[in-house]
Amino acid sequence: MTRCRPARHVAWAVETKGVFVLDRATGTATFLSYPEAAIWDLAVRGETGDLIAGELSLIASLQPEESRKLVAETLERFRSEGFLVEEESHG
Amino acid sequence: MPSSVFVVPILDRWLLHAPLHRVAALINWAAARECAREGGPTGLGLSGQLAEALSGEAPLVPRPREGPVRPQFLGLIPTRACNAACVYCGFGSVRQADVMDPKLAAAAVDWMAEHAVRCGRQSLDIHFFGGEPLIAGDVVDVAVHRTRAVAAEQGLTPHLEVATNGVYGEERARFVGDYFDTVVLSFDGFASIQNRHRPLTRGRASFEYVAATARVLSTSSTELCLRLCVADDNVDQLLEIVDWFCEEFRPAGIDFEGLQPTPESERAGLFAPDPYEFTVRFWRARQVVLERGVKPIYAAAIVEEPRITFCPVGNDTLILHPDGRVSACYLQEKDWRARGLDLYLGRLAEGTMDLDACAIERVRHLVADKPRCAECFCRWSCAGGCHVNHSFAGCPRTYDDFCLQTRLITACTLLEALDQGELAERLMSDRASMERLALWPSDRLEHWEDTHD
């Protein structure tokens with residue numbers, strides 16, 4: 001899986017029960033509760049989808065396959081909503 | 001008269017302290033003599049208020065815990081590995097060491113959450129120690145998010161705390177600032193001091209990393225506490241250091257710790273500060289810190305609530321080691337063993353916490369027996385300091401440097417609470433009076449006639 005980074009126009013704040021994400025360009029705001037909040041944190045720190053899935057299976061007590069699927073779907077949703085962009089490959 | 005009433009000399013006056021009654025008073029020689037002769041203020045008609053406050057049995061005698069285990073918090077040691085090579089390190093940190101399996105960390109958090117719910121607690125308290133815990137980044141990631149996820153699910157408030165050296169990049173520092181409620185960052189002062197006390201491996205400088213981390217944390221929501229180790233080479237700069245800390249990093253607190261000498265620190269030419277100089281410099285630095293709205297901490301002189309233990313030991317705290325063993329203390333096993341102590345409490349394996357009830361009882365009671373503290377007015381506030389390094393069974397009965405500075409700082413703290421800050425200042429400027437107080441042979445009121453000159 002690839003790495004992502006937050007879109008330039010996105011700001012976020014960590015709160016007790018999750019992460020509040022704001023798209024400053026559109027004014028769209030969303031609250032991510034767990035386990036999506038953990039995916040967000042690991043993604044914006046540039047972790048790969050594989051690593052996120054590995055950690056998420058422990059964070060959310062998911063089977064590995066279930067975790068991979070959730071991470072892939074969630075990252076895709078973050079990208080389609082414009083919160084994350086795919087990092088250019090330098091390899 | 002309860003035997004927990006103490007009297008110590010403050011210049012030409014006497015400080016009466018009854019910590020279990022939460023009473024302190026400044027009295028003169030005649031009143032002290034009458035108290036001692038007549039069995040205390042209750043027999044005197046001295047002050048109605050004082051007599052009333054001290055009448056009867058002490059209502060607040062701290063005792064070893066009883067009943068089911070109720071951990072104050074769960075401590076995790078993700079690894080003993082560390083990327084720093086502090087010259088006085090007492091944590092046995094090495095560059096390479098075992099790392100906790102993240103599954104173990106997750107299981108520990110689950111156990112603590114279930115326990116918190118069962119006990120009706122409101123919060124889920126997880127603390128990280130090392131080595132340098134952030135070296136094991138994946139363990140910390142899993143444990144932090146598992147804590148927050150489980151807390152949200154169970155209606156608990158997560159409280160995450162970490163003791164760290166701050167030697168990592170900006171991104172990790174931002175994570176720490178965003179996700180930890182309290183960060184205790186070890187930072188000993190200006191570049192020359194920090195790099196001498198806390199070099200990285202191969203003697204490289206740590207200052208720029210730590211200062212950069214402190215700056216990131218200072219702009220985050222975390223409660224930043226700077227832990228400042230005071231040695232003979234930075235004690236005379238305390239005022240300037242804390243002034244700079246407050247200005248540059250806006251911490252919530254500054255924790256002052258006198259250097260605990262080790263063979264390593266002595267080989268490096270670093271020594272504990274003179275206890276009287278430490279006290280005077282600390283007291284001045286404390287005023288500066290208070291004026292800046294920052295909390296000064298000297299952990300052995302917390303007088304608000306009587307206590308039986310200085311640290312997590314005896315409070316049922318569970319510290320999980322990388323291999324799954326659970327102990328009462330985050331120091332190394334070889335250090336406890338050297339003092340004849342066994343602080344292991346059990347083991348966490350395959351999701352099951354197996355605690356040894358006898359071990360828990362043994363540790364609960366070990367904190368109650370401190371012969372060195374028997375005559376000291378600080379016995380219910382300092383509570384003997386570290387059980388492994390300071391008040392272990394068989395330790396000398398005489399006061400050491402830690403005792404001397406703690407006695408002085410505690411007295412000044414009590415004086416300030418009595419609105420006698422000026423007297424505390426006068427005491428600090430009179431070395432002979434400081435020595436008289438610090439070395440007073442027995443503070444117990446019933447020994448007053450035998451001890452005073």
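Helices (H or I, at least four residues) and strands (E, at least two) are DSSP runs, numbered from the N terminus. With that definition in place, I turn to the model. It is a predicted model, in which local features need pLDDT of at least 70, side-chain atom pairs count only at pLDDT 80 or more, and totals for chains, interfaces and linings use all residues. Residues are numbered from 1 along each chain as its sequence is written, while chains are lettered from A and ligands numbered from 1 in the order in which they are written.

I begin with Gly385(B), which sits in the loop between helix H12 (357-366) and helix H13 (401-417) of chain B. Is Gly385(B) buried or exposed? Gly385(B) counts as buried because 23 C-beta neighbours lie inside 10 Å. Here, buried means 20 or more other C-beta atoms within 10 Å of the residue's own, exposed means 12 or fewer, and partly exposed is in between, with C-beta atoms placed from the backbone. Setting aside neighbours within four places in sequence, the contacts of Gly385(B) include Phe310(B) and Phe402(B); contact requires C-beta atoms, placed from the backbone, to lie within 7 Å. The C-alpha atoms of Gly385(B) and Phe402(B) are separated by 8.5 Å, and the two residues are 17 apart along the chain.

For Arg202(B), phi is about 60°; Arg202(B) is exposed, because 6 other C-beta atoms lie within 10 Å. For Asp316(B), phi is about 65°, and Asp316(B) counts as buried, with 20 C-beta neighbours inside 10 Å.

Finally, a cis peptide bond joins Tyr34(A) and Pro35(A), with omega about 10°.

Terms used. Two residues are in contact if their C-beta atoms, placed from the backbone, lie within 7 Å.
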